[in-house]
Amino acid sequence: MKSLILIPSYLWKNTLKRWFENPISPLSKILVPSLLGLLATLVLVFFAEAEAQLKVQLAKGDSYAVHVTETHKGFDNSLAGQISLSEEEMWQTHYREADFNYIRQPLVFAEFGMPRRRVPVVVYNDLYSELSKTNVNLDIPTIWFLCKSPELYTSRHVMKLGESSIVSTPKKISPAVLDNIKADRVLAIPLSMGEPILKDGFTTHMLARFKTIDEVAIFVAEVEAYYKAEHRNIRVFSALEILSSLEKIQQIQNYIRLGIITSCGLILALILGTIAWLEYRQESYLLALLRSFGTPRFVLIIHFFFENLLLVAAGILIAFEAWKPIYDALQSRVTSIDLRPASSLVLPNQDASIILISGLLGVLVAMIPIAFGLRKPAGLILQ
């Protein structure tokens, strides 16, 4: 029991003496993992931040939006209107968390002004929360005149729809309606008033906005399968193909990131193995002497392992502390991507764990030549 305490104490005392006599050896074991760890950390952080910024830009550009249209021109438009109501409720219920809008565009136009200017008409349901606000005075749904500059019109704007005059309330146009109808001005009529004009035919516009590629893919697949089973012709507009290509590129980037970290671990293992082998050859006589006194081989290999692990861990911790100022310095040179400052970023625990595991594996691989060296009989070394 006493020897198990004295031998490690002597080995660490001898190691400290060797470090002071030859400081280049421990410094190199700290500097190499520090530089490699810094490289791996910056790569992981840059890739993660660029990916996050790309997702933000895609969301802003409506890349996660899906637009589905269907035109009804047959003799059963009343039945088609009822079906569209049930389908609107079905999709709205099934995709509660999505930004979902469903409107119907009759095949007629409203007119106003002199000379007459034509305006598309849409019919909205109560499920359309942005438009389904009731008139406070009359307690009825509001007829909206959606436009980009409502201040240019009177609060009770009169329009002509067929032979009837309609009083509408100007309102800044909804982005969803603007995306669906592709118009600067739209007359939005509640369903309770607009059902008669739907009988002449209408086009449904279903616009759903999501937050991830997977949600877009699921929605497109379900929509296409549903309407195909119903033997109905629809048009689906989405950026799913582009998003899928981007997802494949991101998967390739993940393999590149893993390859860089693996390469750093391999380089670390080779350098540490070389330095450890040189140190072993320098200390081979002393180690052989200890073995001749009965010191087990595993005690010596464990000592070398913890010695290298301590220095490598110190180097990686330095890298974890040094990456932020270096990231800020590099960020000022990367103008093509609006990267956040390092103070608002955190290295994910998963990425940090991968770097630490890579360093640990590097130390383990570096012990292989020492393990082979310790297999040589002590008597041959002491001759």
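The lining of the largest cavity draws at least two residues from each of helix H2 (24-60), helix H7 (240-292) and helix H9 (349-366); helices (H or I, at least four residues) and strands (E, at least two) are DSSP runs, numbered from the N terminus. A cavity is here a set of points, on a 1 Å grid over the protein atoms alone, where a 1.4 Å probe fits but cannot get out, and lining residues have an atom within 4 Å of a point. The volume of the largest cavity is about 90 Å³, a volume being the space filled by probe spheres set on the points, with grid points joined across faces, edges and corners. Its lining consists of Pro33, Leu36, Gly37, Ala40, Ile261, Cys264, Gly265, Leu268, Ile316, Ile355, Ser358 and Gly359. The count of cavities of 30 Å³ or more comes to three.

The model is predicted, with local features requiring pLDDT of at least 70 and side-chain atom pairs counted only at pLDDT 80 or more, while totals for chains, interfaces and linings use all residues. Residues are numbered from 1 along each chain as its sequence is written, and side-chain values use heavy atoms, with hydrogens and water left out.

The protein chain contains 11 helices and 10 strands. Of its 383 residues, 43% are buried, where buried means under 20% relative accessible area, exposed over 50% and partly exposed in between (1.4 Å probe, protein chains only). The accessible surface of the chain amounts to about 21,700 Å², and carbon and sulfur atoms account for 61% of this area; accessible areas come from the Shrake-Rupley method with a 1.4 Å probe, and for residues only the protein chains shown count as cover. Contact means heavy atoms within 4.5 Å. Among contacts between residues at least 6 apart in sequence, 77% join residues at least 24 apart.

Thr69, in strand S1 (residues 65-72), is buried, with a relative accessible area of 11%. Beyond its neighbours within four places in sequence, Thr69 is in contact with Thr203, Thr204, His205, Ile234, Arg235 and Phe237. Asp62 is placed in the loop between H2 and S1 and is partly exposed at 30% relative accessibility. The C-alpha atoms of Asp62 and Lys211 are 9.6 Å apart in space, although the two residues are 149 residues apart in sequence.

Four salt bridges are found in a search of the whole structure, a salt bridge being a side-chain nitrogen of Lys or Arg within 4 Å of a carboxyl oxygen of Asp or Glu. One of the salt bridges is formed by the side chains of Lys29 and Glu307, with an N to O distance of 3.8 Å. This pair links distant parts of the chain, with Lys29 in helix H2 and Glu307 in helix H8, 278 residues apart. Lys29 is buried at a relative accessible area of 1%, and Glu307 is likewise buried at 0%.

A further salt bridge joins Arg232 to Glu87, whose closest N and O atoms are 2.4 Å apart. Because Arg232 lies in the loop between helix H6 (213-229) and strand S10 (235-238) and Glu87 in helix H3 (residues 77-94), the pair ties together parts that are 145 residues apart in sequence. Arg232 and Glu87 are both buried. Together with Glu70, these two residues are linked in a network of salt bridges. Glu88 and Arg104 also meet through their side chains in a salt bridge (2.6 Å, N to O). Here the linked parts are helix H3, which holds Glu88, and strand S2 (residues 99-106), which holds Arg104, the two residues being 16 apart. Both Glu88 and Arg104 are buried.

His231 is located in the loop between H6 and S10. Its phi is near 55 degrees, a positive value in a residue other than glycine. Most residues other than glycine have a negative phi. His231 is exposed, at 74% relative accessibility.

Ile302 lies in helix H8 and is partly exposed, at 39% relative accessibility.

Terms used:
On a 1 Å grid over the protein atoms alone, a cavity is a set of points where a 1.4 Å probe fits but cannot get out, and a pocket is an open set with protein on both sides within 12 Å along at least five of seven lines; lining residues have an atom within 4 Å of a point.
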